[in-house]
Amino acid sequence: MCGIVGYVGPRSDDTALNVVMEGLTRLEYRGYDSAGVALVNGNGVEWEKRAGKLANLRNALDEAPLHASATAIGHTRWATHGGPTDLNAHPHLGGTTDKLAVVHNGIIENFHSLKAELLEAGVQFRSETDTEVAAQMLARAYDVTGDLYAAMTSVVNRLEGAFTLLAVHADAPDRVVAARRNSPLVVGLGEGENFLGSDVAAFIGYTRNAVELGQDQIVVITPDSVEITDFDGNPAQGKAYEVTWDAAAAEKGGYDTFMEKEIHDQPHAVGDTLLGRTAPDGSLLLDEMSISEDVLRQIDRITIIACGTSAYAGMVAKYAIEHWTRIPVEVALAHEFRYCDPIVNDRTLIVSISQSGETMDTLMAVRHARALGARTLSICNTHGSTIPRESDAVLYTHAGPEIAVASTKAFLAQITACYILGLYLAQLRGGSFAEDARTVMGQLAEMPEKIATLLGTMDRVKEIAGFMADTRSVLFLGRNVGYPVAMEGALKLKELAYIHAEGFAAGELKHGPIALIEPGQPVFIIVPGPDTPHDLHKKVVSNIQEIRARGARTIVIAEEGDTDVIPFADEVIWVPQAPPLLEPLLTVVPLQVFALYLSTAKGLDVDQPRNLAKSVTVE
Ligand code: F6R
């Protein structure tokens with residue numbers, strides 16, 4: 001939540017402002033209810049900030065340009081404390097001379113008591129934000145120390161909660177001082193210029209050399225130097241890495257929206273996540289698995305923790321991993337996990353799933369599990385982010401940057417990574433499915449092409465979405481691995497089209513939800529392939545008949561050749577045939593496409609739905 005950019009460069013022209021605005025454009029997915037910039041130049045600190053999307057800030061800057069500067073910070077906000085107004089937008093100025101400006105990502109949890117102290121001392125506040133407390137404290141500390149870094153060290157130890165703070169001061173025009181605790185911050189290394197960003201997308205147009213800051217670290221960037229210390233002023237090291245994707249990966253590539261592009265990226269997201277995981281003899285390799293094989297053999301329970309779409313990927317994983325390994329798998333919403341007195345010990349493997357690697361609920365759950373002695377493995381799409389860094393092992397998904405707020409390609413990549421993990425454990429622990437791992441890896445290798453083929457057949461889905469722009473409620477039914485797909489289809493629709501949508505396990509229908517069916521009610525049904533064990537295919541076909549008999553409009557997602565569904569379907573969306581456990585990689589695609597086009601048909605903002613932000617870095 002909230003995107004932060006900082007820049008220090010060599011020249012006094014428009015560079016700093018342009019770099020920061022470009023960075024904010026790339027980070028706008030993190031929060032988009034207000035935005036602002038502060039520059040340092042011969043006039044001191046100049047700033048502009050506006051409620052609403054970045055375009056409002058851009059217009060304000062066009063109308064009243066700021067003077068040239070080589071140093072700038074910027075912010076795009078997802079409001080927590082204080083509504084999304086011009087005044088609450090960042091930057092926030094400290095003191096009465098307006099020489100110090102701050103932008104902030106996170107929540108300063110003890111801001112009430114700190115604010116009371118400052119009010120008592122006569123400080124006047126201009127906003128309702130927690131951030132202004134930090135700005136005022138920094139300004140007062142600067143008055144004492146005369147040095148921005150020293151001011152930062154004296155303030156950060158008094159702040160509780162999550163924060164990345166970037167500060168500039170009129171008297172130190174060649175530097176940005178930043179601190180991080182529990183919120184992300186990455187440094188971009190340039191030549192004669194340096195960058196700061198909430199993530200590398202902020203500066204990927206300029207450099208791929210990044211340094212990820214650790215917990216409780218401060219960094220001072222000037223055009224020629226990057227100095228990192230801990231909060232007590234001791235020299236510290238960040239983690240240097242090279243970003244493997246380029247600026248084009250974070251652009252729309254000819255599509256109208258990022259979401260559309262990312263849906264079409266899915267064959268690559270799955271293919272790239274599979275890459276390099278198989279040894280020449282066909283057995284599985286997991287290079288990033290730094291939990292020993294002995295420990296993994298002893299694991300007697302797996303708990304998957306995640307939120308939202310990532311949790312649905314975890315629900316798919318449960319079916320697959322339990323089937324292949326016979327290890328009991330539980331899926332817990334990260335925000336519930338910590339507070340339910342979880343049963344966790346050193347034989348529990350905690351698998352966190354997070355696209356961003358920053359979701360606060362998931363991070364806190366991982367920390368809690370570690371404190372209870374569990375081994376933690378992170379499935380994550382963002383290199384160097386906090387959750388993998390704090391886990392015992394990581395299995396990266398290779399979906400590339402996901403910019404649209406609603407997750408699509410990350411979901412497919414997460415499911416793929418979960419399959420890899422399940423097959424790896426099956427292979428490692430022996431048992432009846434150890435030998436099957438190679439066969440399933442072979443089947444997985446065929447999935448990218450099947451997804452690409454399916455994507456080529458989505459015209460009818462687009463048409464259906466077009467007819468349904470006035471629909472007020474849509475239901476989704478699935479069974480087995482189709483059940484989390486139904487939940488994901490409903491979530492996509494809520495997020496993107498703002499209409500009521502529910503996903504149910506098809507078997508649950510008769511236990512209540514069938515009462516919702518009335519004439520014309522649209523229901524998507526994800527039908528398992530005819531080869532699915534336990535006659536599940538037949539059972540779901542019966543469910544379609546039951547709701548059709550009550551007037552439902554049935555939109556059936558079925559495997560090519562599954563003629564059994566035809567008599568009961570108002571619409572059939574065909575997907576290529578696949579082994580039952582791998583079907584979610586296909587069946588979810590039409591649901592994503594449907595949500596995308598229904599949102600478009602309603603004239604909504606597909607990439608930045610209301611009230612949401614891409615990385616939920618607050619609890
Ligand atoms: C839905 C969506 C969210 C995220 C959830 C977890 O489209 O994007 O539900 O899946 O906030 O985010 P990560 O995976 O970054 O932990």
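How many salt bridges are there between domain 2 and domain 3? The count is zero, where a salt bridge is a side-chain nitrogen of Lys or Arg within 4 Å of a carboxyl oxygen of Asp or Glu.

A word on what's loaded: this is a predicted model, where local features need pLDDT of at least 70 and side-chain atom pairs count only at pLDDT 80 or more, while totals for chains, interfaces and linings use all residues. Residues are numbered from 1 along each chain as its sequence is written, and side-chain values use heavy atoms, with hydrogens and water left out.

**Stop 1: the domains.** Colour 3-250 as domain 1, 258-445 as domain 2 and 455-601 as domain 3; these bounds come from an automatic or database domain assignment. Taken over C-alpha atoms, the centres of domain 2 and domain 3 are 26 Å apart. Domain 2 puts 27 residues into the contact and domain 3 puts in 22 residues (contact means heavy atoms within 4.5 Å).

**Stop 2: between domains 2 and 3.** About 2,100 Å² is buried here, with 77% of that from carbon and sulfur atoms; buried area is the accessible area (1.4 Å probe) that two parts lose on being put together, summed over both. The interface also has seven residue pairs in polar contact, both at pLDDT 80 or more. (A polar contact is a pair of N or O atoms within 3.5 Å; within protein, one must be able to donate a hydrogen and the other to accept it, and residues adjacent in sequence count only if both atoms are side-chain atoms.) Now select helix 9 (308-325): on the side of domain 2 that touches domain 3, helix 9 gives the most, with nine residues. Helices (H or I, at least four residues) and strands (E, at least two) are DSSP runs, numbered from the N terminus.

**Stop 3: the largest nonpolar core.** Pick Ile302 and Leu493, which touch the most other members of this 129-residue core. Such a core is a set of buried Ala, Val, Leu, Ile, Met, Phe, Trp, Tyr and Cys residues joined through side-chain atoms within 4.5 Å. Helix 13 (residues 409-429) gives the most to this core, with 13 residues. Leaving aside neighbours within four places in sequence, the contacts of Leu493 include Val474, Phe476 and Phe594.

**Stop 4: His104.** Go to strand 6 (residues 100-108) and show His104. Is His104 buried or exposed? His104 counts as buried because its relative accessibility is 1% (buried means under 20% relative accessible area, exposed over 50%, partly exposed in between, with a 1.4 Å probe and protein chains only). Its side chain makes a polar contact of 2.7 Å with the side chain of Thr131.
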